[in-house]
Amino acid sequence: MTRLDNRPINPEFADLFVEEAHNPYRSCIQGLSNEPITVRALLARAETLLADEPEFAGLGDFSLATIVERLATDRPRICIIQGSADHPAHLADHEHALRAAARVWQNGGVPFTFGIPVICDGTAQSNIGQSYSLASRNHTAMVLNINFEGHSYHAAYVMSGCDKTPTGILAGLAAADRARREPERGAAPVWAVFVPAHVLKGGTIPRATRRALAAIQEKAVAAGDPQLAADIEENCRYILQCSSGEAFLGQLNRAVGLGIVTRAEADGLLDELAAATCDEKGGICAFNGTGNSSRTLVSALGFVPRGAELLVAEPELSLVESSVDTLFRMINRPELAVCEILKANYANAIRVHNATGSSTNLMLHMPAVMRHAGFDVTLFDYARVRDAHPVPDIFAHSLTEGRDTFVLACQNEAGQNAGLDSIVKVLDDLGVPMDLDAPTVIGRTWRERIAALPVAVSPDLPEERSVIRTRPIRDISGTDVLSGNFFSSCTLKVAGMSSEQHRRFDGRVFLVRHYENETDCNRELQSADFVETLCRTMDLPPALTDRLRAVNGGDVGDGLAEMVVKGTLAFAFVIAGQGPKAFGMPEMFAPSAHLRHHGTLERTSILMTDGRYSGVTKGACIGHVTPEAYEGGGIGALVTGDLLWVRLGARRIDLLDASAFLAGRLEPVVAPPIAERAALVAERLARMERRKWQVAACSWIDDTTSAEKGVVPLSVDRRAVLPWRD
């Protein structure tokens with residue numbers, strides 16, 4: 001470090017001024033008057049925090065006069081974006097922001113910081129909070145953009161967290177970057193780096209709690225429900241995360257229904273599990289849900305500096321300083337602006353999303369970010385990239401076999417993998433057409449980055465322990481886009497299905513059991529006698545069961561319960577009225593967890609909804625059905641007893657003509673029965689309209705696109721006219 005005018009400025013950036021025609025802090029005296037006191041207060045806190053750190057080089061003069069001078073002469077104005085401290089991923093953001101602010105000042109820039117509310121999707125599960133979750137992404141983009149543009153920042157240092165926030169922030173920055181391209185603005189483009197929060201270490205079940213669960217298992221077997229005992233045993237294999245707690249909730253509710261445990265005893269066990277779940281350091285939960293999928297996404301898009309991608313604790317000062325330096329090296333390089341990096345890396349992100357089995361939520365967020373950047377991108381662009389070349393599964397992530405994301409981060413820290421660089425190298429080695437000349441924030445292309453790797457994964461790491469595999473695990477991977485005769489598109493996370501399940505469900509005919517909301521479905525899936533209820537309440541004439549045996553397989557002598565167990569009688573649990581405009585498009589994690597951890601139903605049935613699913617969802621979970629029921633989509637006209645023909649290989653789900661099916665033909669209907677069931681559809685719509693009032697009007701998702709365009713505001717959609725591919 002060298003001192004210039006009593007200020008320690010990193011000599012690499014001593015002469016760095018932003019190249020732009022208009023400096024609002026020179027032309028508007030109000031900003032030059034208001035903001036210096038915020039900068040000074042921030043730097044004073046940073047100096048206090050860092051005073052005892054031996055590597056801290058000091059801040060020198062940060063008087064108001066010096067701050068004014070830097071603002072007036074167009075030194076880089078950097079906003080450091082924090083999350084809210086009521087989210088586990090952002091517990092260390094305050095200290096992180098102060099370290100970043102100090103380095104911005106040392107580099108000759110002007111640091112600012114502001115925070116954004118971050119909804120925890122785990123906390124919001126199974127309550128009205130999920131109807132605010134997707135809306136929060138659009139709100140985040142808007143509020144980020146308001147502050148970024150309103151205070152005229154040049155670049156962003158983003159403390160990237162969980163769920164919708166990383167893509168919401170990226171969308172807001174992209175929108176600002178696109179607006180600044182207008183010649184009349186005279187503004188420089190927008191630059192950004194993302195430093196993801198560290199990974200949260202999963203918990204373990206306390207020994208006393210495990211003994212109590214074992215006792216319940218024994219009682220379940222004695223009560224004639226060995227499946228419940230097996231389901232609890234399976235769930236105990238998982239690292240303890242909030243997601244596994246939801247499964248325990250469903251299983252203990254079934255135990256209460258059987259009468260083998262009291263409600264108070266079940267609640268006590270759930271309390272013990274909750275207290276043992278999260279490590280006090282916080283971080284992003286160790287499952288490969290939307291939080292870690294978003295971390296993977298911003299890394300695949302090229303926005304994460306080397307060394308910052310997979311952390312196991314809050315970043316040390318040296319990493320923060322190097323990441324801030326990376327951002328400063330991007331200044332005045334238009335090819336590294338947000339929209340340029342997005343455009344160049346989007347195909348890479350799609351292929352990485354597939355190879356890593358990431359969250360289906362990103363099927364909404366990826367086109368949303370691109371549309372905020374002005375590119376006319378839809379869900380079908382994702383499908384075209386995916387279909388152009390098969391992408392193998394190379395991500396052996398597991399919550400039961402010691403290969404969760406915290407383990408992946410530990411392997412990265414030990415030098416056994418290089419995170420996203422390793423994934424890109426493996427895919428390139430396997431012949432997947434990665435865009436290796438795409439730029440990244442470190443100023444190097446992916447080709448240059450992977451050239452520095454002697455191997456993708458250290459040979460010292462046994463293959464069975466490695467999360468990233470150099471040899472494909474299987475050919476099927478990622479998320480498929482499906483079509484059908486009663487909807488235009490939906491998504492299926494193939495990565496969440498076993499190969500055997502994928503084969504077994506391909507070509508099967510499923511009986512619809514229709515629900516108008518998640519609550520009713522949850523209630524049934526958690527009941528102790530749900531299989532018996534299905535057999536008792538479904539009106540199944542012998543001719544129908546005979547045809548189902550012929551198509552789905554099964555023995556003539558099987559009773560209904562045996563048909564359910566074998567999958568001869570397979571169900572499509574359809575939850576309609578959960579789309580963006582109907583109810584905010586909440587995640588259907590709870591029903592998916594109850595299905596996934598109910599061995600009988602998990603082997604034989606599917607979920608289908610116009611809502612979303614959690615990133616950690618496993619099993620045959622079909623979501624994002626478009627058009628949604630609220631907008632007249634065919635999913636809203638289905639009734640219990642309808643027949644769905646699922647052809648995963650053909651990527652189709654069709655509503656069958658029941659008469660033709662009984663006559664021996666698999667014949668899809670020409671059109672969904674919306675007109676024939678007009679009265680029922682109207683009654684359902686009225687109930688959806690009334691139910692919507694449970695959500696505060698300011699968070700209704702009304703004037704937005706469908707899921708196929710990422711559920712973005714119509715104003716954003718109108719501006720998304722640029723071709724993504726040249």
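This is a predicted model: local features need pLDDT of at least 70, side-chain atom pairs count only at pLDDT 80 or more; totals for chains, interfaces and linings use all residues.

Reader: What is the mean pLDDT of the protein?

Author: The mean pLDDT is 94, and 99% of the residues reach 70 or more, where pLDDT is the predictor's confidence in each residue, on a scale from 0 to 100. Over residues 1-5 the pLDDT is below 50, and this stretch has 14 contacts in the model beyond near neighbours in sequence, a contact being heavy atoms within 4.5 Å.

Reader: Why are β7 and β14 said to stand at the edges of their sheet?

Author: Eight strands form this open sheet, in the order β7-β8-β12-β11-β10-β9-β13-β14, with mixed pairing. Strands (E, at least two residues) and helices (H or I, at least four) are DSSP runs numbered from the N terminus, and two strands pair if DSSP finds at least two bridges between them. β7 (479-482) and β14 (652-655) each have a single partner strand, so one side of each is left without a neighbour in the sheet. As for β7, four bridges join it to β8 (residues 489-493), and the two run antiparallel; within this pairing, Thr479 stands opposite Lys493 of β8.

Reader: Which strands form the parallel sheet, and what makes two of them its edges?

Author: The open sheet with parallel pairing has four strands in the order β4-β3-β5-β6. Its edges are β4 (110-116) and β6 (191-196), because each has a single partner strand and one side of each is therefore left without a neighbour in the sheet. Six bridges join β5 (residues 155-160) to β6, in parallel, and the bridge partner of Ala155 in β6 is Trp191. Helix α7 (residues 130-150) packs on this sheet, where it touches β3 (77-83), β4 and β5, and its direction makes about 155 degrees with that of β4.

Reader: Why are α15 and α17 called roughly perpendicular?

Author: The axes of α15 (residues 338-355) and α17 (residues 379-388) come within 10 Å and cross at roughly 70 degrees. Axes are lines fitted to C-alpha atoms, for helices over the stretch in contact, and angles run from 0 to 180 degrees between N-to-C directions. Angles under 35 degrees count as roughly parallel, over 145 as roughly antiparallel, 65 to 115 as roughly perpendicular and the rest as oblique, and the two helices are therefore roughly perpendicular to each other. In this contact, Ala347, Ile350, Arg351, His353 and Asn354 of α15 meet Asp381, Tyr382, Val385 and Arg386 of α17.

Reader: What makes the pair of Phe530 and Phe573 tilted?

Author: The structure holds eleven aromatic pairs, a pair being rings of Phe, Tyr or Trp (its six-membered ring) whose centres lie within 6.5 Å, with planes under 30 degrees apart counted as stacked, over 60 as edge-to-face and the rest as tilted. The ring centres of Phe530 and Phe573 are 5.7 Å apart and their planes lie at 35 degrees, so the pair is tilted. Phe530 lies in helix α23 (residues 530-537) and Phe573 in strand β10 (residues 570-575), so the pair ties together parts that are 43 residues apart in sequence.

Reader: How do you know that the peptide bond from Thr626 to Pro627 is cis?

Author: Its omega is near 0 degrees, and Pro627 lies in the loop between β12 (621-626) and β13 (643-647). Most residues other than glycine have a negative phi, and most peptide bonds are trans. Phi of Asn332, however, is near 70 degrees, a positive value in a residue other than glycine, and Asn332 is placed in the loop between α14 (317-330) and α15.

Notes: Residues are numbered from 1 along each chain as its sequence is written. Side-chain values use heavy atoms; hydrogens and water are left out.
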